[in-house]
Amino acid sequence: MAHPDSTAPETASTDAAAARQPLAAKAADTTAENPWPVRLLSAKISDYIDRMAPLWVEGQVVQLNRRPGAGMAFLTLRDTDADMSLPVSVYAKVLDAVTAPIDEGAHVVVRAKPTFWTKRGSFQLQADQLKPVGVGELLARIEHLKRVLAAEGLFDLGRKKPLPFLPRVVGLVCGRESKAEHDVVVNARARWPQVRFEIREVAVQGVSAVPQVSAAIAELDANPDVEVIVVARGGGAVEDLLPFSNEALVRAASACRTPLVSAIGHETDAPLLDLVADYRASTPTDAAKRIVPDVSEERARLTQALSRMRSAVTHRVRQEQAGLDATRSRPVLASPHTMIETRERDVEAAVRAGRSALDRLLSSASSTVDRLAAQVRALSPAATLDRGYAVVQGPDGGVVRSPDDVATGDALRIRLASGEITAATR
């Protein structure tokens, strides 16, 4: 191992070379042979940051370090929507001037000047004013966000998905070992012992609540076995429930494809998550009663339904039996041959009437025929011949009515009542 003093000549030669070569004017001009020393880069960063003007910054206090008797206090200011934070130093007198006490978790706005410490290469904000954000202002911001999200349609009833009647697996997002978890699980299993839970224990207040609850909702939504998701918390102060009115969390709940139940707080609490959820439960216990049916109630309903069906069927059978009995008691069914005999007598009477009518018709027609026959016979030439007359026909077959109708020597045909004779004219 070389002695530390053995590097002295090399260091001296390097410093000499650096002294001979001017440093690059810009960061883009630096090279491996002509780099900036740390002191120069730190000085340039400090100079750049020093040119920044003081500004107002809003965030949530997540760490506050204030020692008794110290003139300077230190805190970490964290973004309420993203996992980003900045260190802030503030004079103790500035904290003392604040009327409301500043504790971890408080929302504040600070007026600070960005600073850069060249010796340790750290950035921080030097605050000269600090103001807490009041509950009224926070509620006003929530009300404004509510109007914005409502205008986008995130709270429309048409977007609400129906809850399953009997989910096999329920996703539960709650605090670690919280009473809300106990209320949901115990009451749900008391109603339906076969229900299973996929539980995600997360932070339900503070700066970690928004990302953790959002991630838990997305994870359970991606699980195909989970049929309904419950986000539960057992109430709290307005400040404690602020994460459930956070825009990022509300939009994460809106993007959830699985039916979502919001069980945040109590009846009087109304975070924005309640409005975007598919169902709002007044308490975690109410959520348990809503997501699964009561097995005893369902059994009672089944028993009642079976009883009603039996009564309905029995009544219908009795009604139909009474109708059959009434029908069978009628004389026509008591003596079925009576109907046939009546119809037989009717047929026989009709046959007799038909025959009588036919006989009368035939008799009348026969008399008419006889009368017409007598008339025909009386007018017939044959009747005239029977009386001794004859019909003379000429050669052409025509009846001879006058001597002028024939000539001498014509052959004549003479028809008599019985036969005919021939003759000739002279």
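**A chat about the barrel and the cores**

Visitor: Which strands form a hairpin with six residues between them?

Guide: Strand 1 and strand 2 do, and Gly-69 in the turn has a positive phi of about 85°. Strands here are DSSP runs of E with at least two residues, helices are runs of H or I with at least four, and both are numbered from the N terminus. Bear in mind that this is a predicted model: local features need pLDDT of at least 70, side-chain atom pairs count only at pLDDT 80 or more, and totals for chains, interfaces and linings use all residues. Residues are numbered from 1 along each chain as its sequence is written, and side-chain values use heavy atoms, with hydrogens and water left out.

Visitor: OK, how many bridges join strand 1 to strand 2?

Guide: Five, and the two run antiparallel. Two strands pair if DSSP finds at least two bridges between them.

Visitor: What does strand 2 join through seven bridges?

Guide: Strand 3 (residues 85-91), again antiparallel. Ala-73 has Val-90 of strand 3 as its bridge partner.

Visitor: And what order do the strands of the closed barrel run in?

Guide: The five strands go 1-2-3-5-4, with mixed pairing. On average, neighbouring strands are turned by 55° against each other, direction ignored; axes are lines fitted to C-alpha atoms, for helices over the stretch in contact, and angles run from 0 to 180 degrees between N-to-C directions.

Visitor: Which helix packs on that sheet?

Guide: Helix 2 (residues 38-50), which touches strand 4 and strand 5 (122-132). Its direction makes about 140° with that of strand 4. Contact means heavy atoms within 4.5 Å.

Visitor: Switching topic: how many residues has the largest nonpolar core?

Guide: It has 32, and Val-173 and Phe-244 are among those with the most contacts inside it. Helix 6 gives the largest share, five residues. Such a core is a set of buried Ala, Val, Leu, Ile, Met, Phe, Trp, Tyr and Cys residues joined through side-chain atoms within 4.5 Å. Buried means under 20% relative accessible area, exposed over 50%, partly exposed in between (1.4 Å probe, protein chains only).

Visitor: Is Glu-177 buried or exposed?

Guide: Exposed, because its relative accessibility is 74%. Glu-177 is in the loop between strand 6 and helix 5 (179-191), and has a positive phi of about 50° although it is not a glycine.
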